[in-house]
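Thanks, everyone. I would like to walk through two contacts in this model, one inside a chain and one between chains, and I will go through the composition of each.

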Amino acid sequence: MRPVSIIGIGCTKFGERWDSSLRDLVAETGIMAIEDAHVSGEEIDALYVGNMSAGRFVEQEHIGALIADCAGLSRLHIPSTRVEAACASGGLALRQALLAVASGHQDIVIAAGVEKMTDVSSGAAADALAAAADREWECFFGATFPALYAMMARLHMRRYGTTQEELAEVAVKNHHHGSMNPLAQYRMEVTVDDVLSSPMVADPLHVLDCSPISDGAAAVVLAPAEKASRYAEVPIRIIGSAQASDTLALHDRRDLTTLDATVHAARKAYDQAGITPSQIDLAEVHDCFTIAEILAIEDLGFFEKGAGGRAIEDGLTTLDGPLPINTSGGLKACGHPVGATGIKQAYEIALQLRGEAGSRQVDDAEIGLAHNVGGSGGTAIVHILSR
Amino acid sequence: MMTMKTKAPRFWRCIPQRYNLIGTHCAACDEYYFPPRSVCPNCRRDARIEEYKFKGTGTVITHTTIYSGTDDFERQTPYNLAIIKLDEGPRLTGQVVAPPGEVKIGMHVRPVFRILGKEGERGIIYYGTKFIPVEG
Amino acid sequence: MSYGVYIPKYRIRVDEIARVWAQGEEVSEGLKVFEKAVPDVDEDSATIAVEAARAAVLRSNIDPHRIGAIYVGSESHPYAVKPTGTIVGEAIGTSSEFTAADFEFACKAGTAAVQACLGLVASNLIDLGLAIGTDVSQGAPGDALEYTAAAGGAAYIIGSKDLIAEIEAIFSFTTDTPDFWRREGMAYPEHSGRFTGEPAYYKHVASAARGLMEKIGTSPEDYDFAVFHQPNGKFPPRVARKLGFTAEQIAPGMVVPWIGNTYSGSTLIGLAATLDQALPGQRIFVTSFGSGAGSDAFSLKVTDRIDEIRHSAPLVRDLITGGKYLDYAMYAKHKGKLRL
């Protein structure tokens, strides 16, 4: 397996993109990434796209063919594949693209992610998202997606003393980061009070503990490391990539306050990269709900199990802290167009490692980690990137 | 707008599970499964799977109160959802019939037969098992 | 050979309903009904029927596979087409070898179901029959019926062996009398005011009761208890007096003051409350009433076996106590009166 690098990146603004269709978003990000990579259409060997649910949002399947078509590449007849792992679809697309290049099978491969969620009512969108959970045995019995994370939060609070304020701090931090990200859905700051007084969705999670419904797309271009500097001034190497699965339903997990899929994927990724968690300079983790970020920073090995809340409280994961988490604003403030998130995370890390993150730049960023989760933890995908 | 067609066949298939908590038991490793599993994760092809009807009594492991539900459950909000560990071992996700705020981790519960949801005014009614705190 | 009852936990006081419609305590005093049972938002006639049936099965510890017929009587079946009986069968674990159909005869659908089971069992066509009367009765807001229309149900397992009470004889009296009705598709029933008294309730209950006693040569003194359909707390004592039964005889079965009129469940819950207290050898006289109109009368004799199994499932008085009170607004939400 040969080393692979990211030679180009692109990301659309996330938010309620009323004027843009799914196709428009794909074209927008595709062009950005391709231009950033300085590749020509003829050089592209394959496309991978992560998309959770275009069928339910815009009644469109066959997304692989669709993005090739939107990118104007259909006449080149390149292979184009859609992958799905619920909210980890983007991370999965990146991984599949990586494997295609690492194996020597293909050279220049694009990994994209897109989701267009606002063409249906928010009730219908919530129902589509619930498909990431166990429809038969969780949703039919009345579970909603926030309810599942709420139950994890309650147990975490009971076992480790995590507080509602600590959960709220995650939202505060991510909104602060988002205010510095021109692509973020939400640019406004929020306070702990704002979060705690927002309507309750599923106790103890309030509206402001939850990531929004968003439209958006992102894309990265991969090339074999040995050819990367022909295209990019600062190629970013992917030094670790791993994927793990776990039971679909939350109630079947070994431990309701740990995402074993994250633990396993992270371990494998660190091994591949030959590093330990302490060597990570910044990370984009999957904060679909505030509690998810706390679980993530524990399960990725940055903090002891149970210590995530305190770490947030102590400011260890802010932009100026020792380990900045979610400088993009995370899913919470940047937005969560489901299939696009995993690629956006890679975009943000690459941007930071290149030194192009503007006001939210992390100083001396050398190694970054992207963490993407499907559903309540049925899939987890971890990538480690390095200058 | 896309309308949801009836999900009757999928629901019907699970009636024994929803009404009567019928799961499976692997006689080879003595583990109980609810919802039922046809493949035992411990034994896989060496499993000896048989049907098993759970008593339905159990303990609340964690819970939440849902204030914002999907359309099928609109009239029932707020309602309590919990992960319950059945006496025989497996955990399931179910609703607990009690005022919001009165469900506690560690509470003992027993099963009751209730309406789980309806497909609007004209569709079928999903019946199934919810849980109620055991007094005393 | 067994019985089971289910009454929902929620209650609303008649005085609370009266308050909303600018009436006072004269309503509850006049009707002799003080509070009624209200279903939870996720309960309906089917869930009540299932809980009652499960209690009946539990009480006698029978194998549900022996049940060869399930008849459910109600004025509020959840579906106009798709019988409640199939849901009950599945939920109590019967085999697929049974017949089922839903009954409607206003408040006497439950006793009609008992008669049907009796026929199949007595003729040896089936082993056991399950008859259920269940309702989540509706009363139009502001109408007199709203004060008493309540939710509850009772299930009876009919067999020829291991009896807790023997059905000695039955007699029915039925005419075409428009005292109370509900048209297809309408949410609330209509009634013809005072016409529902003499020409309807009293005439049919009395005729069925007298007819039965004549047929088998008994009189009120031969019975220890009597149970009459209970639309409110006034009609049963009045008809009892007319027929020659005493207040003491009907006392154990009078549940309406505390749970309201459970329509198809009414007479059957009253009978269950009586069975909860009856001793072996005692006799119970039962007469139901259903608008439209008709009455079914039964003469029962309690056996020794009642003592063995009586306490194996909840007693009616246990289901009556511990109710949770609602105000009118919550009550309206529970009953679905707030049309979304």
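Chain A is divided into domain 1 (4-121 + 214-236) and domain 2 (143-210 + 240-386), with the bounds coming from an automatic or database domain assignment. Before going on, please keep in mind that this is a predicted model, in which local features need pLDDT of at least 70 and side-chain atom pairs count only at pLDDT 80 or more, while totals for chains, interfaces and linings use all residues. Residues are numbered from 1 along each chain as its sequence is written, and chains are lettered from A and ligands numbered from 1 in the order in which they are written.

Taken over C-alpha atoms, the centres of domain 1 and domain 2 of chain A are 23 Å apart. Their contact takes 36 residues from domain 1 and 33 residues from domain 2 of chain A, where two residues are in contact if their C-beta atoms, placed from the backbone, lie within 7 Å.

On the domain 1 side, at least two residues each come from strand S1 (4-11), helix H4 (89-102), strand S4 (109-116) and strand S7 (215-224) of chain A; helices (H or I, at least four residues) and strands (E, at least two) are DSSP runs, numbered from the N terminus. H4(A) gives the most to this side, with eight residues. By class, the side has 23 nonpolar, nine polar and four charged residues, counting Ala, Val, Leu, Ile, Met, Phe, Trp, Tyr, Cys and Pro as nonpolar, Asp, Glu, Lys and Arg as charged, and the others, Gly among them, as polar.

Turning to the chains, the contact takes 29 residues from chain A and 27 residues from chain B. On the chain A side, H7(A) gives the most, with six residues.
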